[in-house]
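The following note sets out several points on the structure shown below. Each point may be checked against the coordinates.

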Amino acid sequence: MERQVRYRQMKERHLMEEPQDPKVRIRQERERLKLARGKLIRRARELLGLSQEELALKINGAAITVSRWEREVDQGPNLFHQRHLAALFGLEVEELGYLQ
């Protein structure tokens, strides 16, 4: 019983420390995990609670294209899509990792 109480307290403390705004979490995870490009797009999409199809609709793209970006197959998003992704994720375009 005491173990469950400690676990609940630890979990509550951890939840209090994590920012609830997905855009803040995206930026923090990008910096902490050194995420860039496909991995960043996937993690940001997940933190926003979007499917590939939903993300594609929000940025005027196709779900298969989002899948390819996440897997880093072919080339990455063009500048039009990079701007939409950055705005949706609360990042600067440069932070997506495609501009050098």
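Which side chains meet in a salt bridge at 3.9 Å, N to O?

1. The side chains of D74 and R68 do so; a salt bridge here is a side-chain nitrogen of Lys or Arg within 4 Å of a carboxyl oxygen of Asp or Glu. D74 is exposed at 63% relative accessibility, whereas R68 is partly exposed at 37%. Buried means under 20% relative accessible area, exposed over 50%, and partly exposed in between (1.4 Å probe, protein chains only).

2. The model is predicted: local features need pLDDT of at least 70, side-chain atom pairs count only at pLDDT 80 or more, and totals for chains, interfaces and linings use all residues. Residues are numbered from 1 along each chain as its sequence is written, and side-chain values use heavy atoms, without hydrogens or water.

3. Eight salt bridges are found in the whole structure. R25, E29, R42, R43 and E46 are linked in a network of them.

4. E29 is buried, with a relative accessible area of 8%, while R25 is partly exposed at 22%.

5. In helix α5 (residues 63-71), the buried residues are V66, S67, W69 and E70. Seen down the axis of α5, they fall within an arc of 160°, so they line one face of the helix; the arc is that of the directions from the helix axis to the C-beta atoms.

Note on methods
Helix = DSSP H or I, 4+ residues; strand = E, 2+ residues; numbered from the N terminus.
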